[in-house]
Amino acid sequence: MTTHSHRRSAHLLVTLVAAACSATLASLAHAQPVVSPDSADGVDRRLKFAETFVGLDAATVPGGQFGSAQSLPGRAFPRFTIGGLHFWGHADFAVVFPLTQGTRDSGIGRSSLSTGVETRGRWYLRPARTGGLSPFVGGGLSAYDLRIGDGPREYRMQPAVQAGLVYRRNRTMFEVGWSARRVPDISYPTSRTDAVPVRPSRHSVWIGAHRLFETTAAIAPVIRSGEWGERERLLRAAGRLSGPTLAIGLSSPILTGSGARNRESRPWLAERARANAMLDLGVGWYLDGPDLQLNAAWRSARFNNEAFDFRQSMQRQSVALEAFAFLGDYHGFVPFVGPVLGIDRLVLREDDAGTRVTDASRDVLAPGVIFGWDIRPTRAGHWLLRTNLRWFPRLRLDTNDGSQSFDQLEFNFIQLVWYPGRTLR
């Protein structure tokens, strides 16, 4: 592993954390003083702290440059968003998924281009509440997801900034926005021996609508009446606030390590393959006293990379043991951090025109770190929503012609966590 690849991995990690934290810090600066969670005002503030939303938008990417004299055509494509409006409408965090690849036929042949999976955090200059316009600024990670003809799928993650306007009416938010990314230097293969420079546009614009969902309003009366506090007291006295946890969600794995092997030996492939979302399952134990979670997580990531009748397939199967501590409770926003140790199976297979040319595998111990946050309106709930990220910076598989990096950042935006033992008998 080179120093350059470690710096790139750290830069990607820091960028993503900064995107998530920037809106949080800005919102906290405008938050009101903490009030008792048992007061009427305290109940409202905790239960209205976060709202989940889903939505659709139509995004447009202008044209770019292909080679010295040809154009990469612009295109439009639909996207799906899932996110959360936090800090009483001051901020949101979301993940945006393209529903198509924005495919076009033109003078350069068939091509696809999209913004890839976008992870973002935004701060609203005026809280996004019912009635009125709310300007926003934000940032995060976006991508150039590009493929031309039979060439490779180039997926280049880039820091992005954005701005726009939201209008909220009851449970619906309408928005229009603009985003800009740094333009990477892409030398795109047109065959196994030739390549041309490609420069996509750095801008994109979109218009869309989102639907918000309130999941905690129903428990407000029982909290105000004191019934919920009594339930928490009885569960704690019976030792049932601590207990088993079951978690399920989808994670997006991103390769962050060196792409030197492909760059030097297989220049017609993308340096780093792209993966689809993977199932993230967890079985654990929550400790109420120290506010600590122990967990065993299972994931299986697959990365495919192909061009010009050459196919590269990477697979990582992992069972990770993790322990993370919760770092305070900010009106139901509960951040956490801790170590991870994975037991991983790494597999690399390559086929050239249907003939197997590489078949390598290895079992490794994979140290890493997990961090994220829970949306936890009360300590005694049966379930909650969790966002977590795992970073594994030292995963590699040696082959007869170099070392293939499996370094990964896993981003699980929304995970449902269930506490089956929290029943009064």
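Hi everyone, let's start with a charge and a ring: Arg192 sits over the face of Trp268, 4.9 Å from the ring centre. For a charge to count as over a ring, NZ of Lys or CZ of Arg must be within 6 Å of the ring centre and within 35 degrees of the ring normal. Arg122 also lies over a ring face, that of Phe136, at 3.9 Å from the ring centre.

A quick word on the model. It is predicted, so local features need pLDDT of at least 70 and side-chain atom pairs count only at pLDDT 80 or more, while totals for chains, interfaces and linings use all residues. Residues are numbered from 1 along each chain as its sequence is written, and side-chain values use heavy atoms, with hydrogens and water left out.

Now, how many aromatic pairs does the structure hold? Twelve. Rings of Phe, Tyr and Trp (its six-membered ring) pair if their centres lie within 6.5 Å; planes under 30 degrees apart are stacked, over 60 edge-to-face, and the rest tilted. Phe93 and Trp373 have ring centres 5.1 Å apart and planes at 50 degrees, so this pair is tilted. Phe93 lies in strand E5 (residues 91-98) and Trp373 in strand E21, so the pair ties together parts 280 residues apart in sequence. Strands (E, at least two residues) and helices (H or I, at least four) are DSSP runs, numbered from the N terminus. Both Phe93 and Trp373 are buried, where buried means under 20% relative accessible area, exposed over 50% and partly exposed in between (1.4 Å probe, protein chains only). Ring pairs also link these two with Phe87, Trp88 and Phe333 into a cluster.

Let's stay in strand E21 (residues 355-375), where we find Asp374. Is Asp374 buried or exposed? Its relative accessibility is 0%, so Asp374 counts as buried. Its side chain makes a polar contact of 2.7 Å with that of Arg386. A polar contact is a pair of N or O atoms within 3.5 Å; within protein, one must be able to donate a hydrogen and the other to accept it, and residues adjacent in sequence count only if both atoms are side-chain atoms.

Last stop, helix H4 (residues 227-237), whose buried residues are Trp228, Arg231 and Leu235. They cover an arc of only 55 degrees around the axis, which puts them on the same side of H4; the arc is that of the directions from the helix axis to the C-beta atoms. Just after H4, Gly239 takes a positive phi of about 75 degrees.
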